[in-house]
Amino acid sequence: LASDDKAFVLPTIDRLYKLSQEGFKIELFGHPNWIKAQFLNVEKMQALDTRITASYFIDYKSGQVKNFTARYRQEYGLEPSEFAFKGFDAGYYFGKLLADYGNEYASHISTDEYQGLHNKFHFKKDEKSGYVNTEVMMLKYTGFELQLIK
């Protein structure tokens, strides 16, 4: 379902769920914006074997994420936003490239990978648009929550 329009998505999911209850095997692939959607029924999402692609996902059970969150709260007195995680990962990745390779860092962007707090960086060089992060995550409803498929 390549839509995040609530008026379209909800009745479509309801119909697919009904079909699944009638014995049809359905695997639903959803729109990346569904990660933030509050209107989705988790039970139906899991029953439909729903998967969602994402370029961003925080595993709040991860030790590294817990540590970052605690330090961020201590420093700023509030919860880290999506952009706090993204900014940390980008700064850490590119800062490490600069520290390790100095002026030659650009020649290592497509060879050095990084598993960050919110995603993985694996860049490929595109002659037209520059460097593109090729890592896309797949999330699946398991245990009534979205979890990263490894």
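The structure is a predicted model, in which local features need pLDDT of at least 70 and side-chain atom pairs count only at pLDDT 80 or more, while totals for chains, interfaces and linings use all residues. Residues are numbered from 1 along each chain as its sequence is written, and side-chain values use heavy atoms, with hydrogens and water left out.

Of the 150 residues of the chain, 30% count as buried (under 20% relative accessible area, with exposed meaning over 50% and partly exposed in between; 1.4 Å probe, protein chains only). Contacts were defined as heavy atoms within 4.5 Å. Among contacts between residues at least 6 apart in sequence, 49% join residues at least 24 apart.

The chain contains 4 helices and 8 strands, taken as DSSP runs numbered from the N terminus (helices H or I, at least four residues; strands E, at least two). Along the sequence, these elements follow the pattern α-β-α-β-α-α-β-β-β-β-β-β. The radius of gyration is 19 Å, well over the 15 Å that the globule rule gives for 150 residues, so the chain is more spread out than a compact globule. This radius is taken over C-alpha atoms, and the rule is 2.2 Å times the number of residues to the power 0.38. Along the principal axes, the C-alpha atoms fill a box of roughly 60 × 45 × 25 Å.

Strands were treated as paired if DSSP finds at least two bridges between them. An open sheet is formed by 4 strands in the order β1-β2-β7-β8, with mixed pairing. Strands β1 (29-30) and β8 (145-148) stand at the edges with a single partner strand each, so one side of each is left without a neighbour in the sheet. Strand β7 (residues 137-142) pairs with β8 in the antiparallel sense over 4 bridges. Tyr141 has Leu146 of β8 as its bridge partner, and Leu139 stands opposite Leu148 in β8.

The hairpin of β7 and β8 has 2 residues between the strands, and Gly143 in this hairpin takes a positive phi near 60 degrees. Phe144, in the loop between β7 and β8, has a positive phi of about 65 degrees although it is not a glycine. Most residues other than glycine have a negative phi. Asp49 likewise has a positive phi, of about 55 degrees. Asp49 lies in the loop between α2 (42-47) and β2 (51-54) and counts as buried at 15% relative accessibility.

A further antiparallel pair consists of β5 (residues 123-126) and β6 (residues 130-133), joined over 4 bridges. A hairpin of 3 residues connects β5 to β6. Within this pair, Lys125 has Tyr131 of β6 as its bridge partner.
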